[in-house]
Amino acid sequence: SAAEKGGYDYFMLKEIAEQPKAVADTLLGRIDLAGNLCLDEVRIPASVLREVSKVVIVACGTAYHAGMIAKYAIEHWTRIPCETELASEFRYRDPILDQRTLVIAISQSGETMDTLMALRHAREQGAKVLAICNTNGSTIPRESDAVLYTHAGPEVAVASTKAFLTQLVACYLVALYLGQVRGTKWGDEILSVIRELSEIATQVEEVLETMEPVRELARTLAGKNTVLFLGRHVGYPVALEGALKLKELAYMHAEGFAAGELKHGPIALIEQDVPVVVVVPSPRGRSVLHDKIVSNIQEIRARGARTIVIAERGDETVAPYADHLIEIPATPTLLQPLVATVPLQVFACELATARGNEVDQPRNLAKSVTVE
Ligand code: AGP
């Protein structure tokens, strides 16, 4: 009913708007006054976490994209090797797991069959399983050794939005916590990132307030057949997520690529007027990444692409190459997906509406996939 949608036309719009609160709620009570993480609720003793020799993340769909981003954070802040794998692939390739492997299963519903089967397999091999889940008491957390709940509240729209942002927050918390417990050379960075995490809800709110031009742009692209997405580093999974949203909702051909792969094939797809969304890392910090992507944008634009650039506010080097510029607030490199994904959600939702599609119930899809 309209009341359930809180005045919005679709649950998806309501859930996009709820993201600042979902992010804040997922952080709530997990950072103490001294700025340290307290995740006692994760009932895996620190002594066990100190002995972890490998992290394996399993998930499907959007949750898998959160897991891909988590890999960058976990390896950077903890120096523990981490791999992220589609749950449906993981179980069938005889993965190497032992008592020192920490498996993280990410799932909004907690009922996804592939993810459940992957975690069962991992536990049979003696690995410890931590679930990151949004649904209290669902099967995946019940069958795991420990759980860190995301506090997104119920997500009704089939296309995941607020659950994704909170999965990212939970992944960062786990990565930072592992770093904190094990003590790495990144101690100071970890403290400063924990502080920056507290700003994220406000920054997501800022992004939401500036989305009208994104909606306008989406409407002008309703007749297109293809949209491509490019990103590097954590921007790469963001590109994949932007493409997935567009497939699910707008039923358009949409593909995400690692920008560094362009010359290895995808650049052949660039032709006159094809829209290409590019997620640009901050020009501060690891600026090599930034400069590389700026030259990628120049390359595709020279071949006729219509560039839709998501970049940090005040990034002047990229602006001249953007046919459409979508500005996002400055965040630490690893946290950028929390703000960069939001315009892509809005973009897909508006395109779906413009094409007359059912936003909350896309064709052929179910909210949770409880079969293999
Ligand atoms: C995302 O928009 C999806 N509809 C889908 O990819 C989803 O993320 C996936 O099925 C995993 O679901 P889960 O988080 O409930 O396990």
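Two strands pair if DSSP finds at least two bridges between them. The legends below concern a predicted model.

**View 1. Pairing of strands β4 and β5.** Strand β4, residues 128–133, is joined to β5 by four bridges, and the two run parallel. Across this pairing, Ile132 stands opposite Leu148 of β5.

**View 2. The open five-stranded sheet.** The strands follow the order β2-β1-β3-β4-β5, with parallel pairing. Its edges are β2 (82–86) and β5 (146–149), each of which pairs on one side only. From one strand to the next, the twist averages 20°. Strands of a sheet pair through backbone hydrogen bonds, in either a parallel or an antiparallel manner.

**View 3. Helix α6 against the sheet.** Helix α6, formed by residues 113–124, lies across β1 (54–59), β3 (101–107) and β4. Relative to β3, helix α6 runs at about 165°.

**View 4. The shell around the ligand.** The ligand is surrounded by 15 residues, of which the closest are Gly61, Thr62, Ser107, Ser109 and Thr112. Helix α4 (residues 61–78) supplies the largest share of this shell, three residues. By class, the shell comprises nine polar residues, five nonpolar and one charged.

**View 5. The protein as the setting for the close-ups.** The secondary structure amounts to 14 helices and 10 strands. The radius of gyration is 20 Å, close to the 21 Å given by the globule rule for 372 residues, so the protein is as compact as a globular protein of that length. Along the principal axes, the C-alpha atoms fill a box of roughly 55 × 45 × 45 Å. Of the 372 residues, 53% count as buried.

Notes: Residues numbered from 1 in each chain as written. Predicted model: local features only at pLDDT ≥ 70, side-chain atom pairs only at ≥ 80, totals over all residues. Rg over C-alpha atoms; globule rule 2.2 N^0.38 Å. Buried ≥ 20, exposed ≤ 12 C-beta atoms within 10 Å, placed from the backbone. Near = placed C-beta within 6 Å. Nonpolar A, V, L, I, M, F, W, Y, C, P; charged D, E, K, R; others polar. Axes fitted to C-alpha atoms, helices over the stretch in contact; angles between N-to-C directions. Contact = placed C-beta atoms within 7 Å.
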